[in-house]
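Welcome! Take a moment to look over the structure below, and then we will walk through it together, one part at a time.

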Amino acid sequence: MKKRIAAVLLSAAMVVTTLAGCGNSSSDPAKKDSGSKDAQAETDYDVENREYKDVKITIHTRWDTGDVSGPLYQNIVEGFMEKYPGIKVEQINIPTESEWLNSESVLMSDKDSMPNIIVEYGGSRTAEYVNSNLIVNMDPYYEQYPEWKESFNSMGDSLTDYSSYGAEGTYGVPFTAYQVMLFYNEDILSQNGIDPASIVSWDDLMAACEKLKANGVQPFEMGEKDDYRFGHLHSALNYKTFGCDMAEKLGSREVSYDGEEQTEIYQMIIDAYEKGYLGTNLLGNDDGQERALFNTGKSAFLFMGTWFCAEDHTGLELFENEKIHALRMPYVNEEYKLNDMGGGNEAYYAVDTGDADEVAASVLFLKYMTSESVVKEFVEGYPTPVCVNVTAEGGNYLSQEAAEIIAETEDVRGDIENYDSATHMINTVRQALQSIAMDADAKSVGKTIVDTIKQYE
Amino acid sequence: MNKKVGSDKLKKGILYIVAVLLAAITFLPLIITLLSSFKTNEDILLGMFSLPKKWVFNNYPSAVETANAIRSIGNSLFVAVATLIATVIIALPAAYVLARKPYKYLKGVYFLFMAGVMVPVHSTLVSISKISSSFGARNSYFFLILIYVAFNLSQAIFLFTGYIGSLDRGLDEAAKIDGCGDGRMLISIMAPICKPIIATEAILVFIYGYSELIFSLILISDSSKYTVSRAMLNFTSNYTTSYGPQFAFVIMSMIPMLIIYLLLHEKVESGILAGAIKG
Amino acid sequence: MFFSSSKYRKTFLKSMLFVLPGVAITVIFVIYPVINTFWLSLNDWNGVATSPVSWVGLNNYIKVFTSEKFWNSMLNAVYFMIGGFVVLMPVAFGMALLVTSKIRFTKFFKASYLMPVMLGTTAVGLMWTFMLNSDFGIFAQFLRAVGLGDAVINWLATPTVNIWCVVLVNEWMYAGYNMLIFAAGIVAIPGDVHDAALLDGCTGLKKVIYVIIPLCKNMFMVFSVLCVTGCLKAFDIVWAMTNGGPIDSSATPAVLLYTQGFQYKLMGRSSAIGIILLVLGLVLSVLLNNVIFKQDRE
């Protein structure tokens, strides 16, 4: 008897799951499609002139209350809620990358739990949401407010354009931007008779490294425990050797990850690694330690995105005496001197939760966030490049140097792995590059990547 | 005689040496962490063995300020205590029945609970997130505590059943003859006897509840309800490159645990004593 | 029949009442998600709500069983188990003997041994990662001080070495926890058994081997099952110390389950690993229960 009851319960549970599963697989998208069509027909894109009553939106971010930018983001949220009292903005802030990833994945797996706004770095992860019709297309809103669209510069385009993934339209609102640069310690270079102005090509840089190393000075202290470090080096070297087009070529697999071109790039990293230029404890240090070592004069160079300029450097002598400076990332092929790794850093995406009020409120929030006065205030507190055209005063000396370099840049791309249609590429390539720090040769790096691609097909 | 005393002393001496050595291994990393929490970044990077060159005390205020430490610690304590009480109340009767009753269906029930020990948490995340959304239970401590209980129940029942199984049956036979029903037997006989294992489990559940991260991460988004792990996570993020305050937060997160542990520890001791006296 | 049938039914129903709340909670929050996971393991899904879920049968299992990463993670789980039985069990049992022995300050010792488990995995992982740093950590500093600077390697970045570091930190953290389990077993030994042993001249090591260990068999059983299942599921400490890297070299199956699911977005494959872990854990604990500890059940 008991057994039978248990069996019935169990099978009932099974049926429920299966049904739920079917719902996920077939009926939901259909429902959603018709739903959004209806919504479109009656949607009023004039989000400014809409009545909001007790609308609650949730924003899932990586904002860090302990970071310099933390209070500035809080200001934005508070300012918005003051201006639009009918809308309440709830935040889920998870600064740590892996936990943020985890949390976003879980919340996005179910319609009921989706946040209204998410922050992402573009690329195939976001493309997957776009292709699942979960991200609000901003085009009709930009039509409604042409001046809003015009306020953006071109840096953030890579974060909002998903045509290479087969999606028409403009998705998300780009906010911060970056460019990967070479920072140097003026004191160390002058002590070793190196003129920073002479470092324009990769060969110049390697020559400088050789000199430093011979004098017992460590050129770089990369924190490859965070595997994005070699990932960024690989992307930047690609653009500096073959130009920014390499991103699309590699993404469409026109160029193979184990081909001649890429092997050449791996070999450049390997050569520098084998001579000990890149670091003394590559797999032991993370990017935080990397910066800490550079900031305290333990290494001559730092290869990093411009967010480095905006970090809190109070109390550090090197910064107070303005001994740290920025250089453009050296070129490998002079033709691509002004091609760089960079562009939009983060963009905010409004999620189509199916609730018209929430979507309108989310778009309104993004519009407020990227309005000139708000961005200006943000940048004055946190001097980082942004995707919105503003002329901000202030900022520290280093961010001004960086801004001058960015102004001359001709073409930029982000992480090269993100131009591939497979979501896993960013992990796959970074992990394979990490094996360089474990003495892998260039051939095996390429082979690892190609083998992994096969495994996930 | 003399010889025996000597060898006894020697034996005891060895025991003391081993005991102290083990304690030293336990304490050393903590002492180093404590010292590091008073150091500047550069000082930490120079090496961890040394005393701070310059004692830095503002690591602590900076941790309190940015992480809202006090409230998050309070939240975690509440969740942990509630989980602990609920787990014991639910697990003990079940374990008693499982250990003492002969019914066939109980084997299946026991297997069900044991299967629970084996379930990897991450493969349940998506489902549990869905359940919580459909109950509208995001940001609900009640729901969070239920989940904590669910994932502690298996272990609790496992430990309790094992313990009750190892007890002499004569005791409950005697009580039964005295006309003691299951309910009274549980409250007035089993609960006191099981004190040591309850204390053990209570500590384990308490630790779990206090420091759990994954579920609180997914189910609690209201920052005023953050638990201590959440708050610590927000603090030791990718972009915080100063280590001193991180160590300070680690130490701070441990302080309430240690205080409560010292208090609870007395209970463990007396529980074990009670168990021993009964023997 | 000693009991009348109505009385029997009453106690029977009462027994059900006692287990019901636990069963209900377990079914809703543990068993139902597992069934869902099982269903998902037979499908491909990228984890996005509106994306299609497509039936692939046993394909995910085939992919898992033919992947090198999975077998490497299983090997790491085996290291965890070896560490558990070779290091953790003797140390924890020894601690339990110490804190129940007649030496003084047992309260203090017990409190200190148990303390690491109170600290939380994240804090412990963070702490030991710093200790093990090959530049400024205490081990590197110590080795350099005694002239063994060459022995300093990047412990957490060298395959096999890194997983053993994690295993040992895990034992450091959980020795006190398991001590509690053994200690509860030791104090449950009736006093007259101790008296009888004393009369027979059975003391010291002899007593431990012939009296205490056999009488604590239940607790060894408890330890074994918790250890085996814990090792299969090991996640937090690995994640806190190495994130499973470099290149998944220190990943345990649970870490792999996580990365496949939430980083690679292969929910089906991740679910398949979950089900494999579950089945393996059940099989192992049933084996432990019925083969190794069989005589004890009689």
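Let us begin with two strands of chain A: strand β1 (residues 55-61) and β2(A) run parallel and are joined by seven bridges. Strands here are DSSP runs of E with at least two residues, helices are runs of H or I with at least four residues, and both are numbered from the N terminus. Two strands count as paired if DSSP finds at least two bridges between them. Within this pair, V55(A) has I87(A) of β2(A) opposite it.

Before going further, a word on what you are looking at: this is a predicted model, in which local features need pLDDT of at least 70 and side-chain atom pairs count only at pLDDT 80 or more, while totals for chains, interfaces and linings use all residues. Residues are numbered from 1 along each chain as its sequence is written, and chains are lettered from A and ligands numbered from 1 in the order in which they are written.

Now back to the strands. Which order do the strands take in the open sheet of five? The order is β2-β1-β3-β9-β4 (chain A), and the pairing is mixed. At the edges stand β2 (87-93) and β4 (173-174) of chain A; each has a single partner strand, so one side of each is left without a neighbour in the sheet.

Another pairing in chain A brings together strand β5 (residues 177-185) and β7(A), which are antiparallel over five bridges. In β7(A), I324(A) is the bridge partner of N185(A). In a regular strand, side chains alternate between the two faces of the sheet. Strand β7 (residues 324-328) of chain A has I324(A), A326(A) and R328(A) on its covered face, while H325(A) and L327(A) are on the uncovered one.

Helices can have sides too. Which residues are buried in helix α17 (residues 372-381) of chain A? They are V375(A), F378(A) and V379(A), where buried means that 20 or more other C-beta atoms, placed from the backbone, lie within 10 Å of the residue's own. These three cover an arc of only 95° around the axis, which puts them on the same side of α17(A); the arc is that of the directions from the helix axis to the C-beta atoms. Among the elements that cover the buried residues of α17(A) is α2 (70-83) of chain A.

Stepping back, chain A has 20 helices and 10 strands. Of its 457 residues, 49% are buried. Two residues are in contact if their C-beta atoms, placed from the backbone, lie within 7 Å. Among contacts in chain A between residues at least 6 apart in sequence, 80% join residues at least 24 apart.

How is chain A divided into domains? The assignment gives domain 1 (44-176 + 345-390) and domain 2 (179-342 + 404-455), with bounds that come from an automatic or database domain assignment. Taken over C-alpha atoms, the centres of domain 1 of chain A and domain 2 of chain A are 30 Å apart. Where they touch, domain 1 of chain A brings 12 residues and domain 2 of chain A brings 18 residues. On the side of domain 1 of chain A, helix α4 (residues 123-131) of chain A gives the most, with four residues.

Chain C comes next. There are 14 helices and two strands in chain C, and its C-alpha atoms fill a box of roughly 75 × 70 × 30 Å along the principal axes. Buried residues make up 53% of the 298 residues of chain C. A UniProt annotation from an unreviewed entry, "domain: ABC transmembrane type-1", covers residues 74-288 of chain C; such annotations may be inferred rather than shown by experiment, feature names are shortened, and positions follow the numbering used here. In the model, residues 74-288 of chain C are 76% helix and 0% strand.

The unreviewed UniProt entry also lists "transmembrane region" for spans of chain C including residues 111-130 and 209-232. Residues 111-130 of chain C are 90% helix, with end C-alpha atoms 25 Å apart, and residues 209-232 of chain C are 96% helix, with end C-alpha atoms 30 Å apart.

Finally, how many residues do chain B and chain C bring to their contact? Chain B gives 77 residues and chain C gives 72 residues.

Conventions
Buried ≥ 20, exposed ≤ 12 C-beta atoms within 10 Å, placed from the backbone.
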